[in-house]
Amino acid sequence: NVAVEDIPPAVQERVNGALADLTSEESGPAGPAGDLYDAVVAKGESGDYTSIQAAVDNVSSGAVISVEAGTYDEQVSIDTRDITLFGAGQGETVIDASGNDGRGIEVNSSGVTLREFTVIGPDESSEGSYGVKIQPFSSDGGLPGNPATVDSITVKGSYKTELDLIGVQDGTVSNVVLNGQNTGGVGLALSNCKNVSLENIETRDNNWGGIGLFTNEEFSSVELADIT
């Protein structure tokens with residue numbers, strides 16, 4: 001059973017557009033249901049790509065990427081604005097970045113939505129090893145203050161913080177499980193973030209604590225405020 005609110009907004013718009021085509025004088029939607037997504041990632045030959053990073057690298061701003069169930073042994077970097085990346089569910093779609101350093105997922109652009117998957121974070125003993133790091137300003141000329149949405153994901157096992165937000169404004173983090181598995185850092189870190197809503201956050205076994213609020217002079221153009 002899928003509720004309407006579980007479907008990414010960009011997909012809802014495309015469904016509504018397809019329904020409008022069906023009831024108009026036009027011949028209907030341009031293609032099958034797969035056309036609702038700009039890219040489908042799958043382990044076999046059923047998708048457009050077998051790698052999440054390959055899909056991310058080949059879509060434009062505003063794209064919706066569906067990642068089917070399976071384990072993807074890779075690290076993902078998103079530098080394009082307004083990308084929606086969603087899987088088949090927590091524990092169903094798994095991004096496994098263990099055995100690496102750096103980030104499991106790194107988001108450097110604004111408006112990105114992450115939904116419905118699990119990330120096994122890099123576990124190499126590097127200060128830069130985070131499960132998911134969202135810093136939506138690097139690709140925007142160094143200007144912080146952009147939205148981000150994280151919903152229904154699990155992040156576990158990274159060497160440092162599981163989910164790290166820097167300079168996010170107008171963000172939502174909901175229905176996440178952040179399991180440090182006795183690694184360093186906090187479950188959820190927010191540095192110089194403003195107007196961010198947190199709901200249904202489960203953290204455990206993060207050695208610095210569950211949720212950490214920080215300020216950093218490097219990102220001082222955004223004050224730490226309005227974390228609900």
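In what order do the strands of the open sheet stand? The order is β4-β7-β9-β11-β13-β15, as this predicted model shows.

**View 1. Six strands build an open sheet.** The sheet holds 6 strands, and their pairing is parallel. Strands β4 (76-78) and β15 (209-214) stand at the edges. Each has a single partner strand, so one side of each is left without a neighbour in the sheet. From one strand to the next, the twist averages 10 degrees.

**View 2. Strands β7 and β9 pair within the sheet.** Residues 103-107 make up β7, and residues 130-134 make up β9. The two run in the parallel sense and pair over 4 bridges. Look for Arg103: Tyr130 in β9 stands opposite.

**View 3. Val67 is a buried residue.** Val67 lies in strand β2 (residues 64-67). Its relative accessibility is 2%; buried means under 20%, so Val67 counts as buried. Leaving aside neighbours within four places in sequence, Val67 is in contact with several residues, among them Val41, Ile52, Leu85 and Phe86. Ala55 is 12 residues from Val67 in sequence. In space, their C-alpha atoms are 9.5 Å apart.

View 4. The protein chain averages a pLDDT of 86, and 85% of the residues score at least 70. Where pLDDT is low, the predicted coordinates should not be read in detail.

Key. Residues numbered from 1 in each chain as written. Predicted model: local features only at pLDDT ≥ 70, side-chain atom pairs only at ≥ 80, totals over all residues. Heavy atoms only, no water. Pairing = 2+ DSSP bridges. Axes fitted to C-alpha atoms, helices over the stretch in contact; angles between N-to-C directions. pLDDT = per-residue confidence, 0-100. Buried < 20%, exposed > 50% of the residue type's maximum accessible area, 1.4 Å probe, protein only. Contact = heavy atoms within 4.5 Å.
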